[in-house]
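Dear colleague,

I am handing over the structure below, and after it I set out what was found when it was examined. Please read the notes with the model open beside them.

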Amino acid sequence: MNGAILDLAVAIPHHYVSHEELARARDVEVDKYQQGLGCEEMAICGPGEDTVTLAAEAAWRLFEHHPEARERVGLCVVGTESGVDAAKPVAIYVHRLLGLPPNCRAFEVKHACYGATAALQMASAWVQQHPKRLALVIASDIARYERGSAGEPTQGAGAVAMLVGKAEERDALLQLSPISGAFASDVYDFWRPPYQSEALVKGKYSMNCYLEGLQGAYEDYCRQAGDEPTPDYLLYHVPFPAMARKAHRRMSDLRGLSEDLYLDDLERRVEPALWANRKIGNVYSGSLYLALAGLCERKGAHLIGRRVALFSYGSGSCSEYFTGRFGEGIYRFHRHLHSVLEARTEVDVDQYELLHDASLKMERNHSFQPALPHQGQAFTFLGIRDHERCYRQNFAEDAVALSNARPTALHHTRPFQRA
Ligand code: HMG
């Protein structure tokens, strides 16, 4: 048996801009963003938020509901393409901020939006050898394109944390199947050289690469799985929701479905997962798992016993198509997506640009500033001092900036309660 996702949780930035506002400011018809791309709102990171705080916040939310699980974590992997350091992984900051056990492997995996899937598959295999321990897999990213570029409306940010373990099939939230199809191809469709803070992309070409990856991975899966019943739901990597529609169109063509049947199938098996992606935007490595969380929140216990297919695409490129079955672990899932979306503050385009610039400035040395946390924010990025990143745990009674801390001091974190 393969590993299982036992539970998952999402964290998103505290600000967003609507695509209606953005379209007005960029002199674009709003239908292009809302209908053509399928986007409604876009999450914006402010200066106190980065890939680390988002990752830690998502995991913190998980442990809030499973405090006993923290001590059992023996593998902590962050899939990200917006890491904060070329050497030091996001996972080790998370390890410290959450007070995870010292006997733990902590590292980062990068392959564009595919990194978290590679991490999840690795964790799923790892828990077979360590059945008493748990793996924490986090997808955390900030999607940034140049202002005014075609990619701008497809930005976003967020993190999804998943607790992975060995479970009886009934007890899993999602029992992963051991079969998976893969497809790799060296392409320059989307990339970010080290001297760029925003990604470079060949938009239309990237969509073709994605569809080629989908077909390649799906065909590889079919060769291994033979005649399996069609899954009840299909989750695709979601750079923007209309891309999931295009992906499903390709899958329907492969199955020879007519236009009418495709539209009906899209409504039934794909759309229920996309609502949160419409309001958050591209979360790169987290987009697929945000769709999974969206489906769990919308469908709840109805999912028990149902099969889902997941398609992960990372530019550059690597694709994977795999499946899983929902179990009664779905009752563990704490429906929190609506409340975190409602807790956000809407900003206009001028404020979005200020936040965007302010968060980029925080990436320079000597940017340290004692910032106030947002309402409910568990961790704040305080900037960089002497080339070291500083964070604050807002939930601790005597919240202090964590910089230059000695490793021995790190495991004295209090139980997880907000201040
Ligand atoms: P664009 O050229 O500005 O948009 O960029 P367009 O002209 O192609 O229009 C988009 C859609 O809106 C089209 O629909 C238009 O017809 C429609 P389609 O023909 O494709 O079905 N449209 C309208 N609809 C209604 N009313 C209107 C209207 N006007 C136009 N008035 C593009 C679009 C996606 C290329 C751009 O946003 C971009 O470059 N985005 C970033 C790249 C990207 O997301 N690629 C996706 C595949 S690669 C991937 O998923 C990996 C990634 O996540 C990174 C990673 O792996 O790390 C990106």
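What volume does the second largest cavity have? The model is a predicted one, and in it the second largest cavity has a volume of about 60 Å³. Its lining is made up of A11, I12, P13, H14, E49, T53, L54, E57, Q377 and F379, and the largest share of that lining, three residues, is supplied by helix 3, which covers residues 51–65. Sorted by class, the residues that line the second largest cavity are five nonpolar, three polar and two charged.

The average pLDDT of the protein is 92, and 94% of the residues score at least 70.

To return to the cavities, the count comes to four of 30 Å³ or more, and the largest cavity holds about 90 Å³ of space. The residues that line the largest cavity are M42, A43, I44, C45, I142, A143, R144, Q155, G156, Y352, H356 and S359. Three elements each supply at least two residues of this lining, namely strand 3 (41–44), strand 6 (134–143) and helix 12 (349–361). By class, the lining of the largest cavity has seven nonpolar residues, four polar residues and one charged residue.

One of the residues in that lining, C45, also comes up in the matter of disulfides, for which the count is zero. C45 is in no disulfide, and the nearest cysteine sulfur, which belongs to C113, is 15 Å away; C45 is buried, because its relative accessible area of 6% falls under the 20% cut-off. C76 is likewise in no disulfide, the nearest cysteine sulfur being that of C104, at 5.5 Å. The 5.5 Å between these sulfur atoms is not within the 2.5 Å that a disulfide requires, and therefore the pair is not counted as one. C76 is buried as well, with a relative accessible area of 0%.

Among the open spaces, I looked at the second largest pocket, which has about 770 Å³ of space. It is lined by 37 residues, of which A150, G151, T154, G203 and F240 are the closest to its centre. The elements that give two or more residues to this lining are helix 2 (30–36), strand 10 (200–201), helix 6 (203–225) and helix 7 (241–254), and helix 6 gives the most, with five residues. The lining of the second largest pocket divides by class into 18 nonpolar, eleven polar and eight charged residues.

With best regards

How values were computed. Residues numbered from 1 in each chain as written. Predicted model: local features only at pLDDT ≥ 70, side-chain atom pairs only at ≥ 80, totals over all residues. Heavy atoms only, no water. pLDDT = per-residue confidence, 0-100. Buried < 20%, exposed > 50% of the residue type's maximum accessible area, 1.4 Å probe, protein only. 1 Å grid on protein atoms, 1.4 Å probe; cavity = no way out; pocket = protein on both sides within 12 Å on 5 of 7 lines; lining within 4 Å. Points joined across faces, edges and corners; volume = space filled by probe spheres on them. Helix = DSSP H or I, 4+ residues; strand = E, 2+ residues; numbered from the N terminus. Nonpolar A, V, L, I, M, F, W, Y, C, P; charged D, E, K, R; others polar.
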